[in-house]
Every structure is written in C-alpha cells, then in structure tokens.
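Subject: The structure, and what was found in it

Dear colleague,

I am handing over the structure below, together with notes on what turned up in it. Please keep it open while you read, so that you can look up each place as it is mentioned.

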Amino acid sequence: MAPPLGFSAVSSCASFWHIFLLVSMVLEGMIIVNVEANGWLSGHATFYGTNQDPATLGGACGYDNTFHAGFGVNTAAVSSTLFRGGEACGACYQVICNYRIDPKWCLQRRAVTVTATNFCPPNNNGGWCNAPHQHFDMSTPAFLRIARQGNEGIVPVIYRRVSCQRRGGVRFTLKGQSNFNMVMISNVGGSGDVKAAWIRGSRMRKGTWLPMHRNWGANWQSSIDLRNQKLSFKLTLVDGRALVFSNVVPSTWSFGQTFSSRNQF
C-alpha cells in the first residue's frame, strides 16, 4: 500500500532535523573539549552590588581608583585560590559564561576580560570564595557583558589567563613618609602580576638595586630615605618577563604623586 501523499517529504524533513541536532551536539562537545584543551578552566561568577561605584573597587590590592590605575570598570575580586596572597593583583582573565550549563542566564558567545583588583574573602559557611573554588566577584558592568540582567545568583563560567593590554606605560604612585617608601605599581601590561620589584636612587652606587617587599596587594615597600633623588625601578612579572624603568621619577617628587613611564611589558 502506497504511503499517504507527502509522507516521504515529512520523514525526510524529520530525519534531517535529527541529523542536524546530532551533529550540533557532537560539535558542541568538540568545542567544549577544545576549550578545555586550550587552557580554559571552570569556575563561577557573580557581581558586586549595582549601587557600588566600579571605579572604587581597588580593595585588597590597594588601587585607590581603578580608572586612575588604568583598569577601567572591567574588574573583579577573586577567590583566595586565585588571589595568591595579593600576587594576582593586576592579572587579566578572559571570562565566558558557560551557556551549555546555564542557557537561562548566560549570554551566548560573549566574553569579557577583567583585571583582578580585589580579594573575595572566604567565610565559614562553605561560600563560593572559599578554597578550592575559582570564583570571580565581578563589577556589574563586567558581569552584564556575559550574563543576563535580573540574575542575582551565581553563573558557571570558563576562564583563562590572558595578556593585559594597557594604554600608556607602567605607573608608580609614591606613598609613605621619610624613610618608609611604599610604591603602588599599576597599569602593568603582559601577565599584569608583579612577582618582584627593586628600587634605585640616583645617589646610590651605579648598578646597585634595593629589593622591595610586597606590603599588601600592589603596594611595595622599602626602608631607605630616597627623597630628593631620581628613582628607577626594576620589575619582574610572574611570567618571568623583566623590565627596567630608569629615572621614571624626578628628584623633585613628593609623596602622593603618580608617575607614568614610557615603558610597558
């Protein structure tokens, strides 16, 4: 008995969509595997309160103003696993909301690059910022680049470390008093996170560098009176790159001033 008119066409159409969906699922799986194979890691993200000025989110890294530091509004506080005792300050991460896991709240194919400028402290209730969680507490503008507005909860993300693209040179803000020098280092390109720092005054013996110690976050200190001297700095980043900033600070400097170099990683 011959099939009803149009049966073959309907069956072919159904078969086509079954094959299309199957291929889509396979391709999606390949994409996820490829993503994981290219340095992407899984984590979660939420955002700061919407009424908080994103320019002030320097927090535990000591950046007085994220715009002044060269980071803009795309910033995040990171969990203790990522913060590494302040070493992560200035590091850049590319973050994507995992649409495959949470299609309701994630925006598809959207990514944002954020700078770590603050610490998301752990609590005693097994919160998302507790180790070993890899969590980003993002500024609202950054969060809404990858997730839908109206979500007050946690979204799954994938992330990876990326090179920081900065405008202008590395900046040095002088703090402290008399023989206590504290320098906030900001707008650092490359890996963005400073591993070691040295300072040299123009009156010091040529080739002599005084090692600085991390006071907290992006603030480095030395205990020698370098007033009325030109100041030079040498930085090594976590990725091993090193750069010298010769006489970036004039001898007429005073505490509270910021000086931008011409050099950048």
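Before the first residue, one term is needed: a polar contact is a pair of N or O atoms within 3.5 Å, where within protein one atom must be able to donate a hydrogen and the other to accept it, and where residues adjacent in sequence count only if both atoms are side-chain atoms. Please also bear in mind that this is a predicted model, in which local features need pLDDT of at least 70 and side-chain atom pairs count only at pLDDT 80 or more, while totals for chains, interfaces and linings use all residues. Residues are numbered from 1 along each chain as its sequence is written, and side-chain values use heavy atoms, with hydrogens and water left out.

The chain as a whole

The chain has 3 helices and 15 strands, where helices (H or I, at least four residues) and strands (E, at least two) are DSSP runs numbered from the N terminus. Of its 265 residues, 44% count as buried; buried means under 20% relative accessible area, exposed means over 50%, and partly exposed is in between, with a 1.4 Å probe and protein chains only. If contact is taken as heavy atoms within 4.5 Å, then among contacts between residues at least 6 apart in sequence, 72% join residues at least 24 apart.

Arg166

Arg166 is found in the loop between strand 6 (155-162) and strand 7 (171-177). What does the side chain of Arg166 make a polar contact with? Its partner is the side chain of Thr115, at 3.2 Å, and a polar atom of the Arg166 side chain also lies 3.2 Å from the backbone oxygen of Val188. Leaving aside neighbours within four places in sequence, the residues in contact with Arg166 include Gly70, Phe71, Cys92 and Gln264. Arg166 is buried and yet has no salt bridge, for the nearest side chain of opposite charge, Asp193, is 9.1 Å away. In this counting, Lys and Arg are positive and Asp and Glu negative, whereas His and the chain ends are not counted.

Salt bridges

A salt bridge is a side-chain nitrogen of Lys or Arg within 4 Å of a carboxyl oxygen of Asp or Glu, and by this rule the count comes to 6. In one of them, the closest N and O atoms of Arg84 and Asp193 are 3.0 Å apart. Arg84 lies in the loop between helix 2 (80-83) and strand 3 (92-97) and Asp193 in the loop between strand 8 (180-186) and strand 9 (194-201), so this pair ties together parts that are 109 residues apart in sequence. Asp193 is buried, at 0% relative accessibility, whereas Arg84 is partly exposed, at 34%. Asp193 also meets Arg161 in a salt bridge of 3.3 Å, N to O; because Arg161 is in strand 6, that pair ties together parts 32 residues apart in sequence. Arg84, Glu87, Arg161, Asp193 and Lys195 are linked in a network of salt bridges.

Aromatic rings

The structure holds 10 aromatic pairs, where rings of Phe, Tyr and Trp (its six-membered ring) pair if their centres lie within 6.5 Å, and planes under 30 degrees apart count as stacked, over 60 as edge-to-face and the rest as tilted. Phe245 and Phe265 form an edge-to-face pair, with 6.1 Å from centre to centre and 65 degrees between the planes. This pair links distant parts of the chain, with Phe245 in strand 14 (residues 242-249) and Phe265 in the segment after strand 15 (258-260), 20 residues apart. Phe245 is buried, with a relative accessible area of 1%, and Phe265 is buried too, with 14%. Ring pairs link Phe172, Phe233, Phe245 and Phe265 into a cluster.

Backbone details

Most residues other than glycine have a negative phi, and most peptide bonds are trans. Arg84, however, has a positive phi of about 55 degrees, and phi of Asn228 is near 65 degrees. Asn228 lies in the loop between strand 12 (219-222) and strand 13 (231-237), and is exposed, with a relative accessible area of 55%. A cis peptide bond, with omega of about 5 degrees, joins Ala131 and Pro132.
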